[in-house]
Number of protein chains: 2
Amino acid sequence: MIQKQKAVVLSSGGLDSTTVMAIAANEGYELFSLSFHYGQRHAFELNAAKKVAIAFNAVKHLVIKIDLAAIGGSALTDTIEVPKNREKKQMDSGIPITYVPARNTIFLSYALAWAEVLGAFDIFIGVNAIDYSGYPDCRPEYIQAYETMANLATRAGVEGKKPLRIQTPLLNLKKSQIIQKGIELGVRYEMTHSCYDPSEHGLACGECDSCILRKEGFLEAGIQDPTHYISR
Amino acid sequence: MIQKQKAVVLSSGGLDSTTVMAIAANEGYELFSLSFHYGQRHAFELNAAKKVAIAFNAVKHLVIKIDLAAIGGSALTDTIEVPKNREKKQMDSGIPITYVPARNTIFLSYALAWAEVLGAFDIFIGVNAIDYSGYPDCRPEYIQAYETMANLATRAGVEGKKPLRIQTPLLNLKKSQIIQKGIELGVRYEMTHSCYDPSEHGLACGECDSCILRKEGFLEAGIQDPTHYISR
């Protein structure tokens with residue numbers, strides 16, 4: 001029996017990272033799911049991430065608590081209001097206030113540490129450069145530079161082992177294409193959570209940027225949206 | 001009055017990072033000291049870092065708790081024995097077991113996030129490629145790759161502001177030269193802590209790699225070592 005290659009998969013419990021988990025599973029990797037508890041305003045994301053890890057038979061689901069609130073600077077960790085009912089073209093102008101400074105850099109750095117301990121050479125992350133281009137740390141040139149750095153940062157880099165890869169299978173897909181891909185691979189999107197501002201029972205607001213992109217994605221894909229929204 | 005430039009300085013309370021703090025202070029930066037509580041086996045390092053921040057009039061001293069123990073893989077966070085009484089040439093062969101996977105990458109990533117929130121364009125770190133070359137994330141090519149990545153990761157990178165610099169003033173200095181530099185700038189090394197395996201009252205063991213490099217550095221610099229060791 002051939003031993004499976006290990007992969008660390010960054011999982012938020014959202015639509016994108018869950019699709020990435022399905023892709024990594026489909027490629028035959030042994031999955032190590034990594035989530036962060038970072039002063040999100042709700043725990044629904046983490047519950048979703050746990051369900052997803054179980055659904056895809058991850059060997060381990062690790063939740064690391066990180067203190068981004070100590071640093072501040074974002075609507076997702078501070079008490080700044082989450083913007084509502086914006087059109088896609090408004091989202092695309094400039095860096096959104098939901099941007100968390102250096103968030104992907106911090107997430108990838110923990111993934112890198114874990115990969116090194118596990119002997120994994122693949123890190124999967126659901127960044128996307130199409131639908132929501134305002135985040136600097138979702139651009140392909142950033143991911144490329146991160147991978148170069150990561151290969152110099154670690155034991156594998158010094159000892160000349162196999163190179164580490166940052167895998168971004170969603171980088172150039174539209175939301176509707178991501179959903180189509182996930183449906184093909186059997187993702188049950190009702191277990192995922194995307195909303196930035198859910199109700200106290202975890203219903204999606206339907207109005208934040210994340211909800212709007214999700215709704216439009218299902219519409220464009222011609223697939224029924226299984227999400228429970230507050231006002232419908 | 002000209003406004004001072006802000007700098008984030010990574011501070012462990014040890015000899016190297018305290019010298020870096022003195023250098024940044026001497027260059028006229030407004031100092032933001034950043035330390036990590038990461039399952040070190042003792043709190044003496046953090047106490048030292050706090051004293052150092054006060055001594056150099058840092059505007060703020062932020063301690064972020066990070067959970068490296070959840071990831072494992074190092075004598076500094078696991079229960080692996082710290083090696084003792086090694087000669088320098090033994091230290092130089094291969095990657096030491098006190099290496100913490102991706103540690104500098106994680107530290108720098110938090111520094112990057114804080115720098116972005118503060119509007120700082122300089123991050124100081126006390127890495128050194130001479131005296132202890134076994135750590136992959138202390139090499140100049142790693143620091144260079146990190147800086148390139150950091151400039152793509154952040155708002156400043158997208159908006160084309162001033163570039164962010166990772167400053168490593170100790171990179172090519174021997175331990176004795178670091179000590180001489182610090183003494184010139186008025187560092188009181190008795191407030192710093194280097195030992196990997198101190199006594200319960202915080203006395204240095206005198207036998208771990210860190211103590212041995214520190215002792216030899218003072219000896220070579222011809223400066224009296226103010227450290228309190230257990231057995232002398």
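Colleague: Which residue of E2(B) stands opposite Val9(B)?
Modeller: Strands of a sheet pair through backbone hydrogen bonds, either parallel or antiparallel. Here, Ser33(B) in E2(B) is the residue facing Val9(B). This is a predicted model, where local features need pLDDT of at least 70, side-chain atom pairs count only at pLDDT 80 or more, and totals for chains, interfaces and linings use all residues. Residues are numbered from 1 along each chain as its sequence is written, with chains lettered from A and ligands numbered from 1 in the order written.

Colleague: How many bridges join E1 to E2 in chain B?
Modeller: Five bridges link strand E1 (residues 6-10) of chain B with strand E2 (residues 30-37) of chain B, and the two run parallel. Strands are DSSP runs of E with at least two residues, helices are H or I runs of at least four, and both are numbered from the N terminus. Strands pair if DSSP finds at least two bridges between them.

Colleague: In what order do the five strands of the chain B sheet come?
Modeller: Follow E3-E2-E1-E4-E5 across chain B: that's an open sheet with parallel pairing. At its edges sit E3 and strand E5 (165-167) of chain B, each pairing on one side only. From one strand to the next, the twist averages 25 degrees. Then there's helix H1 (residues 15-26) of chain B, which packs on this sheet, touching E1, E2 and strand E4 (122-124) of chain B. The direction of H1(B) makes about 170 degrees with that of E1(B). Axes are lines fitted to C-alpha atoms, for helices over the stretch in contact, with angles from 0 to 180 degrees between N-to-C directions. Residues are in contact if their C-beta atoms, placed from the backbone, lie within 7 Å.

Colleague: Over in chain A, which are the edge strands?
Modeller: Chain A has an open sheet of five strands, ordered E3-E2-E1-E4-E5 with parallel pairing. Its edges are strand E3 (60-65) and strand E5 (165-167) of chain A, each with pairing on one side only. Direction ignored, neighbouring strands of this sheet are turned by 25 degrees against each other on average.

Colleague: And how many bridges join E4 to E5(A)?
Modeller: Three bridges tie strand E4 (residues 122-124) of chain A to E5(A), and these strands run parallel. For a pair to look for, take Asp122(A), which stands opposite Arg165(A) in E5(A).

Colleague: Which strands does H1(A) lie across?
Modeller: Look for strand E1 (6-10), strand E2 (30-37) and E4 of chain A under H1(A), which runs at about 170 degrees to E1(A). Helix H2 (residues 44-55) of chain A packs on the sheet as well, touching E2 and E3 of chain A. The direction of H2(A) makes about 175 degrees with that of E2(A).

Colleague: At what angle do H1 and H7 of chain A pack?
Modeller: Two packed helices are described by the angle between their axes and the distance between the axes. Helix H1 (residues 15-26) of chain A meets helix H7 (residues 175-184) of chain A at about 40 degrees, with the axes 9 Å apart. That makes H1(A) oblique to H7(A); under 35 degrees counts as roughly parallel, over 145 as roughly antiparallel, 65 to 115 as roughly perpendicular and the rest as oblique. On the H1(A) side, the contact is made by Leu15(A), Asp16(A), Thr18(A), Thr19(A) and Ala22(A), and on the H7(A) side by Ile178(A), Lys181(A) and Gly182(A).

Colleague: What about H7(A) and H8, at what angle do their axes cross?
Modeller: The axes of H7(A) and helix H8 (residues 209-221) of chain A cross at roughly 65 degrees and come within 8 Å. H7(A) and H8(A) are therefore roughly perpendicular to each other. H7(A) brings residues including Lys175(A), Ile178(A) and Ile179(A) to this contact, while H8(A) brings Leu213(A) and Phe218(A), among others.

Colleague: How many residues does the contact take from each chain?
Modeller: It takes 36 residues from chain B and 36 residues from chain A. Strand E3 (60-65), helix H4 (103-118), helix H5 (140-153) and helix H6 (155-159) of chain B each supply at least two residues to the side of chain B that touches chain A. H4(B) gives the most to that side, with nine residues.

How values were computed
Contact = placed C-beta atoms within 7 Å.
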